[in-house]
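Dear colleague,

I am handing over the structure below, and I would be glad if you could look through it before reading my notes.

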Amino acid sequence: MSGKLFIVATPIGNLDDITFRAVETLRQADLIACEDTRQTRKLLDHYGISRPLLSYHDYNERGRSEQLLAELLAGRSVALVSDAGTPLIADPGYRLVHAARLAGVPVSPIPGPSALAAALSASGLPTDAFAFAGFLPPRSTQRRKTLEQWKALHATLVFYETPHRILEALVDIDAVLGLRPIALARELTKIHEEFLTGTALDLHAALAARPAIKGEFVLVIGWAEPIPDEAESLHDALAHLTSAGAARMDAIKQIARQRGLSKREVYRLLETQSP
Ligand code: SAM
């Protein structure tokens, strides 16, 4: 009988964000595979857990996957964790899970926190369809190409970003995606948690004005629906949307929704207001 591989989600900041099952699974695992043993040791100490740890990260994934598979095939249970959040979500683990499945070893998720779900759920942007693409490429040319690929998708886009690249990423988002509503989640579940909202340029100005840009970021980008500008006349708003490619009827529907009016009221106001 082979052992079982558990994919265990751990906190993304606040140490209380861990499930009872996750704690119990870690307590009972024969072996815990983790990215940084010091980081995981802190979590385990907090919960009074003492189990053998084995490092598993981007640079030793191949060799360690074979070693961990051998442990599983020998009947031992392995819990895989990452430094924060859900393993395999912009984190290592794919090679091991793939190998375990190929070998017929059972793999079970112990779900919990992920910065992706946390940011998206509180962003205020549409969640019915979204695309997550991990980190944007570090260099501008490649980053713009990636953004171009996502541009036409009618879905909310979610990216992870680092503090030292966030300003350049916002410049590229403005250049490629244009006016879109963005929620920038910073330091989720931590003391300095915040959500900044606005266009890419609004957020750029807000961050650039700070003495230092610190923390972890998730970019949640709404699709081509422009930020409602209450000061804009209805005729201008309509022209704005139709010139961006929207059909007249869709544009009127959107203006009505944005301004809390019925479609009939929008039609009536368009007739009575001068262009
Ligand atoms: N596996 C993790 C998860 O499930 O969210 C993500 C790991 S990835 C290597 C780390 C990135 O996730 C950070 O650079 C940041 O973009 C995002 N992230 C992780 N924790 C965060 C937090 N507390 N607040 C905002 N973003 C966070």
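Predicted model: local features only at pLDDT ≥ 70, side-chain atom pairs only at ≥ 80, totals over all residues.

Residues are numbered from 1 along each chain as its sequence is written, and side-chain values use heavy atoms, with hydrogens and water left out.

Around the ligand there are 18 residues, of which I89, D91, A115, Y160 and F217 come nearest (a residue is near if one of its heavy atoms lies within 4 Å). By class, this shell has 10 nonpolar, 3 polar and 5 charged residues, where Ala, Val, Leu, Ile, Met, Phe, Trp, Tyr, Cys and Pro count as nonpolar, Asp, Glu, Lys and Arg as charged, and the others, Gly among them, as polar.

A backbone N or O atom of F217 lies 2.6 Å from an oxygen atom of the ligand, while a polar backbone atom of E161 is 3.4 Å from a ligand oxygen, and one of A84 is 3.2 Å from a ligand nitrogen.

The chain is divided into domain 1 (5–113), domain 2 (116–221) and domain 3 (234–272), with bounds from an automatic or database domain assignment. Domain 1 and domain 2 each give at least three residues to the shell around the ligand, whereas the C-alpha centres of domain 1 and domain 3 lie 52 Å apart.

Best regards

Methods
Polar contact = N/O pair within 3.5 Å; in protein donor to acceptor, adjacent residues only side chain to side chain.
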